[in-house]
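Biologist: Could we go through this model together? I would like to begin with one of its helices.

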Amino acid sequence: MPIDLTGTDTADLDALAARVRAWLEEHLPAPWRQAALDGDQPALARILADQAVTSAWYAELGESGLATPGWPAEYGGLGLAADATAVVTDELTRLRADRPGNDFIGLALAGPTIIEWGSDEQKQRFLPPLTLGEHRWCQLFSEPGAGSDLASLRTRAVKDGDHWVVNGQKVWSSFSDRADFGLLMARTDPSQPKHRGITYFLLDMHSPGVEVRPLRQLNGSSEFGEVFFTDVVVPDTDRLGPEGLGWSVGISTLMQERSGLSGRPGVGPGQADAIAVRARQTGAWDDPELRDRIMQAFITERALQMATVRAFAALGKAEPGAEGSIRKLTHAQLEVTLGMLATEAEPGGAIAWDASDENAAAAVHDFLSGKILSIAGGTSEIQRNIIGERVLGLPRDRDPYADRPFEERPR
């Protein structure tokens, strides 16, 4: 059942934080809570790997409304403003009680986009399972020839009566191999200019003709995949937004993504803190040059956290804008720095380590993952373009083919 906020002034952020903290103390399994408070990462890893425990918790969290506090109450949320939502997120993150990273696309991208553009039937169908952790989502945007220039996408959807037939390919689709649904942008009218004639769909990933091939990453994980569509039938009822206006719907998703990838909307211990603790354990803290760089990262991380909190407070219930690219760019640069520092805090710079040394293995994983945010959600180069054009108001390069039908554009 939803958390009881009776008597709690949700505009009083300290009072809201105290109420959420009390609810977590009562409902979060005791071993989970204690491991988080103790910073016992191996114990936390074992708990988070127990699917029975996590599934039960994510369902209870969804029923409470705390998984999606900013969503309207009728769709499983609490209707909180952005700053209050940030407080809830911070309390959940403190105990590692928030939803896992592979739920980011569903909760941070699919949900808000459906709330903004979806029909009543789509909202009732897709949002409640999202809050309860019953559905996983992926993003089907990038293609081999349409990454940073997303509007050049060529996956085709052809209308046939009350449904669409989709053919094409997507790539770099996070968690596509375990997703139930996908956010799909496809070209439906190539006679229109590049940014028009695109339509947005909510694709059932279990549909016949959908093939997913996982891609192995440098860090050893397979979070991304290639997705192929061969005569995939999509009902018109699963079209999100008007036909031909998929670019506008997609921009809503991208704005949410860039804001969401700028770090958590709370101020508190982060990766730099953990690196400092580990450096003290290994003796690396005695190196004044390394110590100074860790402290610089600490300052940047705290400043980013504060900027994110301020941005959420300023938003109220509005949609994020282009300024989110500033925080996303900063976060991407910080992740590279933190990944390097994590290895330098380990004995021998983590060039080699004992197989049982979980700390060194985690540091190397962070190092090898450091460039992910520089690419995911729009490359750092694209973020700089957005900042220049939409935040600073600098002139943008003219596209000489802007008004030409997509099918007539040179390839």
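Modeller: On one side of helix 2, Ala30, Pro31 and Asp38 are exposed, where exposed means over 50% relative accessible area, buried under 20%, and partly exposed in between (1.4 Å probe, protein chains only). Helices (H or I, at least four residues) and strands (E, at least two) are DSSP runs, numbered from the N terminus. This is a predicted model, in which local features need pLDDT of at least 70, side-chain atom pairs count only at pLDDT 80 or more, and totals for chains, interfaces and linings use all residues. Residues are numbered from 1 along each chain as its sequence is written, and side-chain values use heavy atoms, with hydrogens and water left out.

Biologist: Which residues of helix 2 are buried?

Modeller: In helix 2 (residues 30–38), the buried ones are Trp32, Ala35 and Ala36. They cover an arc of only 100 degrees around the axis, so they lie on the same side of helix 2; the arc is that of the directions from the helix axis to the C-beta atoms.

Biologist: What do those buried residues pack against?

Modeller: They pack against helix 3 (41–48), helix 4 (51–64) and helix 5 (82–94), with contact meaning heavy atoms within 4.5 Å.

Biologist: What follows helix 2?

Modeller: Gly39 does, and its phi is positive, near 70 degrees.

Biologist: New topic: is Phe228 buried or exposed?

Modeller: Phe228 is buried, with a relative accessible area of 17%. Phe228 belongs to strand 7 (residues 224–235).

Biologist: Which residues does Phe228 contact?

Modeller: Leaving aside neighbours within four places in sequence, Phe228 is in contact with Gly168, Gln169, Gly209, Val210, Glu211 and Arg213.
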